Amino acid sequence: MEVLPGQYDFDGDGAAETVEVLTVTAPDGTNAWYELWVLDDGDVLWSRQAGLSHVGWTSLFACRVEGQDCLLDYSPWVSMGSGCYQYRMFTLDGAGEEQLLRSDSVSFSLPAGEWGLEDLGPDVADFLTEVHGVLEDSDLLLTTEGGVFRSGGSGADFRDDLE
């Protein structure tokens, strides 16, 4: 268990919640998966699992939008010439239920050979501009993108989603 730095009031009650990352280890000693926990007075208010295998890749950020702390669940996915990027931005109510502020997704095909962002169309550019604007001032809580666990640091460092 690792307590993450940062003070966030995701449920808007005026008191900061504690954010922790739990590493779940398999019997052979390898890391099986991770869980992000948002705790309120020691009780789990909200949690999300993230795995190292492709199907479990997850990226979670803390950000501030219109004066309120919120969570950003961002999933950029590319495979075999196509991609689908999606996000959900939400706060929590007192019972830990997600209160959706906004969400969006974009699907696209990757051109054969070498390409740049300009080859993907305006919908992809608009989506990335919006998400990257939020990531600019966010904190990375947990990611398993690419099968690699990372926690902490600036969300702005995560904006290499087309690499």
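The model here is a predicted one, so to speak of local features takes a pLDDT of at least 70, side-chain atom pairs count only at pLDDT 80 or more, and totals for chains, interfaces and linings use all residues. Residues are numbered from 1 along each chain as its sequence is written, and side-chain values use heavy atoms, with hydrogens and water left out.

Cysteines come up first. With a disulfide taken as a pair of cysteine sulfur atoms within 2.5 Å, the count is zero. Cys63 is in no disulfide, and the nearest cysteine sulfur, in Cys70, sits 3.4 Å away.

Strands are DSSP runs (E, at least two residues), numbered from the N terminus, and two of them pair if DSSP finds at least two bridges between them. Four strands make an open, antiparallel sheet in the order β1-β2-β3-β4. At its edges lie β1 (2–3) and β4 (43–51), each pairing on one side only. Strands β2 (residues 18–25) and β3 (residues 31–40) pair antiparallel over eight bridges, with Val19 opposite Val38 in β3. Eight bridges also join β3 to the antiparallel β4, where Tyr34 stands opposite Ala50. The hairpin of β3 and β4 has two residues between the strands, and Asp41 there takes a positive phi near 55°.
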